[in-house]
Amino acid sequence: GEWNLPQLVGGLNVKRALNSQCAALYRGWRYRLKEENFVGYSKKQARARRPPGVEQAKWNWLIDDFWSDPKQKEISNKNRRNRRKQTIKHSNGAKSTARILEELINAPSTQPVTKDGDNNANVDGNVNANDDGHTHIQHDEDPIY
C-alpha cells in the first residue's frame with residue numbers, strides 16, 4: 001500500500017532518503033550474495049548455491065548477465081581501483097548519514113561560545129578546531145565526529 005509520508009523532515013527529503021537507504025541495502029545484499037555464492041566458484045557451482053528466497057531465474061540473471069558481464073566487470077574493477085585511492089575512510093559506524101543529520105538537526109543546542117577561551121573560542125568569539133580537528137561538541141561534551 002501507499003505510505004502517507006511527509007515530504008520533508010528537518011529539511012530533508014523523506015522519499016529521497018528512503019530510496020537512497022533502500023538502494024544501499026539492496027546493493028549490500030547483492031554484494032553478500034556474490035561474495036558467499038559466486039566468487040571462487042564456477043558458474044555451474046554458483047547455480048547450485050542459489051540461496052533460499054532467490055528465484056532461479058533471477059539467480060541465473062545475476063550469474064550470467066550481471067556478475068559475468070564484461071562491462072559490469074570493468075565497472076567493478078574501476079570502482080575497486082578508485083576505492084584503493086581513498087585516503088579518508090568512512091567513519092559513520094552503524095548509523096546512516098541521514099540518521100546522523102537528523103540527530104544533529106534535532107539535537108539540543110551546543111554549548112554557547114564564550115570569549116574567555118572556553119569551548120575553543122578565540123577573543124573574537126570564533127570557534128577554533130580542537131587539537132584533533134573536531135569543532136562540533138554535543139551538549140555532554142562528546143565529539144559528534
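Me: Before we start, what does buried mean here?
Reply: Buried means under 20% relative accessible area, exposed means over 50%, and partly exposed is in between. The model is a predicted one.

Me: OK, so is Phe 66 buried or exposed?
Reply: Phe 66 has a relative accessible area of 16%, so it is buried.

Me: And Trp 61, where does that fall: buried, exposed or partly exposed?
Reply: Trp 61 is at 40% relative accessibility, so it counts as partly exposed.

Me: How many aromatic pairs are there?
Reply: The count is four aromatic pairs. One of them is Phe 38 with Trp 67: the ring centres are 5.1 Å apart and the planes are at 40 degrees, so this pair is tilted.

Me: Which parts does that pair tie together?
Reply: Phe 38 is in the loop between helix H1 (14–37) and helix H2 (43–48), while Trp 67 is in helix H3 (residues 56–67), so the pair links parts 29 residues apart in sequence. Phe 38 and Trp 67 are both buried.

Me: What about the rings of Trp 61 and Phe 66?
Reply: Their centres lie 5.3 Å apart with the planes at 25 degrees, so that pair is stacked.

Me: Which residues form an aromatic cluster?
Reply: Phe 38, Trp 59 and Trp 67 form one.

Me: Now the inside. Which residues make up the largest nonpolar core?
Reply: That core has nine residues, namely Leu 33, Phe 38, Ala 46, Val 54, Trp 59, Leu 62, Ile 63, Phe 66 and Trp 67. The most come from H3, which gives five residues.

Me: What is Ala 46 in contact with, leaving aside neighbours within four places in sequence?
Reply: Ala 46 is then in contact with Asn 37, Phe 38, Tyr 41, Trp 59 and Ile 63.

Me: Switching to the surface. Which residues make the nonpolar patch?
Reply: Trp 3, Leu 5 and Leu 18 make a nonpolar surface patch of about 350 Å².

Me: Where does Leu 5 lie?
Reply: Leu 5 is in the segment before strand S1 (8–9). Its relative accessible area is 35%, so Leu 5 is partly exposed.

Me: Last one, Gly 11. Where is its place?
Reply: Gly 11 sits in the loop between S1 and strand S2 (12–13). With 60% relative accessibility, Gly 11 counts as exposed.

Me: How far apart are Gly 11 and Glu 102?
Reply: In sequence, Gly 11 and Glu 102 are 91 residues apart, and in space they are 9.1 Å apart, C-alpha to C-alpha.

Methods
Residues numbered from 1 in each chain as written. Predicted model: local features only at pLDDT ≥ 70, side-chain atom pairs only at ≥ 80, totals over all residues. Heavy atoms only, no water. Patch = residues over 30% accessible without salt bridge, like charges linked within 9 Å, V, L, I, M, F, W, Y side chains within 5 Å. Areas by Shrake-Rupley, 256 points an atom, 1.4 Å probe, with all protein chains shown as cover. Salt bridge = Lys/Arg side-chain N within 4 Å of Asp/Glu carboxyl O. Helix = DSSP H or I, 4+ residues; strand = E, 2+ residues; numbered from the N terminus. Buried < 20%, exposed > 50% of the residue type's maximum accessible area, 1.4 Å probe, protein only. Phe/Tyr/Trp six-rings, centres within 6.5 Å; stacked < 30°, edge-to-face > 60°. Core = buried A, V, L, I, M, F, W, Y, C linked by side-chain atoms within 4.5 Å. Contact = heavy atoms within 4.5 Å.
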